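Subject: The structure, and what turned up in it

Hi,

Please open it first, and then read on.

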Amino acid sequence: MHQKRSYAVALVVSTLVGCLEVALTVVVVLLYVQTQPPPDKAPNYVEIGSALVGIVPLIGFISFLLSLVFVLPAVALADLLGRRLGRHAAWWSAPLIMAALVASPIWSVATYNDAETRATLVFWASATASLSAGALIALPRGEGLLRRVVLWGTGVVAGTGLFGALGLAVGLLPAYEPPAIGPQSMPGSWIDHTGNTLVFTSDGRVTASGVGGRSSFDHPGDPSPSCSGSGTWVYEGGRDVWTQKVRIDIPGCGWPAWGVGGTAREPRIHQHVGDPGSGELYKLRKASDGS
């Protein structure tokens, strides 16, 4: 004989599962970021961490609300089908019930906002999968369900972060590295976000047209200068891909060596700009033949 369902426990379990899903998503995103080229301005992880901690109550409230509106009805309907069709019906019916429950509000909002069908389908599938996880985990009856969810959920989140970090350390995950561009990759036009260019030639000459980027020796309050003129360039391989540099000598342009970033398909060269230690980069990308 089955133990009587405690819907209060199911609600708490589903809310907790929603919070753990958010935590797991944050860990996966942080690991993914380590495999991508850095942004123009380095993120402040202290501020990001503080913001995430600050919104924990909001995440918990949203998870509780979604559990109350969608997960609890799905669990109740799955229980009903389980009593009518057999206990196994509750397991396979829960995701189908959830898909039906979330379809109406999602498609109503999408229709009102004239959203793309593909994006709506992806969101619907994602919402169904996320909420179905809470329903399926809340379905079992018996003592200790909440404790098991806490232990296993925390273990999954912590384990993902630990094994992800180990994977990055030993090379199982492709941690980001700048491309080894070499001097043969430099000839051509390199363009910034406003269309200003550095044009390199294979004989070691370079021409700047309105290129801006403050020297690290300038006062932080000085405006970023734009520079035009002609001069020479030299590629320096360095000890590894992180220390390779491109030195450009143009009269009137007091630039330190340019760093290398981007990817092998879309290489970049950059200068550190802004206040010292800000991590802000001024980048030029290698223009393709058509740009």
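Predicted model: local features only at pLDDT ≥ 70, side-chain atom pairs only at ≥ 80, totals over all residues.

Residues are numbered from 1 along each chain as its sequence is written, and side-chain values use heavy atoms, with hydrogens and water left out.

**The barrel**

Eight strands close into a barrel in the order 1-2-3-4-5-6-7-8, with antiparallel pairing. Strands here are DSSP runs of E with at least two residues, helices are runs of H or I with at least four, and both are numbered from the N terminus. Two strands count as paired if DSSP finds at least two bridges between them. On average, neighbouring strands of this sheet are turned by 35 degrees against each other, direction ignored; the axes are lines fitted to C-alpha atoms (for helices, over the stretch in contact), and angles run from 0 to 180 degrees between N-to-C directions.

Strand 2 (residues 197-200) and strand 3 (residues 205-212) run antiparallel and are joined by four bridges. Val199 has Thr207 in strand 3 as its bridge partner. Five bridges join strand 4 to strand 5, again antiparallel, and there Thr232 is partnered by Asp249 in strand 5. On the strand 6 side, strand 5 has two bridges, also antiparallel, and Lys245 stands opposite Gly259 in strand 6. Strand 5 also has two faces: Val246 and Ile248 are on the covered one, while Lys245, Arg247 and Asp249 are on the uncovered one.

**The disulfide**

The structure holds one disulfide, meaning a pair of cysteine sulfur atoms within 2.5 Å. Cys227 and Cys253 form this disulfide, and their sulfur atoms are 1.3 Å apart. The pair links distant parts of the chain, 26 residues apart: Cys227 is in strand 4 (residues 226-236), and Cys253 is in the loop between strand 5 (245-249) and strand 6 (258-262). The torsion about the S-S bond is about -55 degrees, so the disulfide is left-handed. Both Cys227 and Cys253 are buried (buried is under 20% relative accessible area, exposed over 50%, partly exposed in between, with a 1.4 Å probe and protein chains only). Cys19, by contrast, is partly exposed, with a relative accessible area of 27%.

**The largest pocket**

The largest pocket holds about 420 Å³ of space. Of the 21 residues lining this pocket, Ile62, Leu66, Ala127, Ser130 and Leu131 are the closest to its centre. Helix 1 (7-33), helix 3 (56-85), helix 4 and helix 5 each supply at least two residues of the lining, and helix 3 gives the largest share, seven residues. By class, the lining has 13 nonpolar, seven polar and one charged residues.For the terms: on a 1 Å grid over the protein atoms alone, a pocket is an open set of points where a 1.4 Å probe fits, with protein on both sides within 12 Å along at least five of seven lines, and lining residues have an atom within 4 Å of a point. Grid points are joined across faces, edges and corners, and the volume is the space filled by probe spheres set on the points. Ala, Val, Leu, Ile, Met, Phe, Trp, Tyr, Cys and Pro count as nonpolar, Asp, Glu, Lys and Arg as charged, and the others, Gly among them, as polar.

**Two loop residues**

Asp114 lies in the loop between helix 4 (87-112) and helix 5 (117-138). Asp114 has a positive phi of about 55 degrees although it is not a glycine, and is exposed at 68% relative accessibility. Asp40, in the loop between helix 1 and helix 2 (45-54), is partly exposed at 44%.

Best wishes
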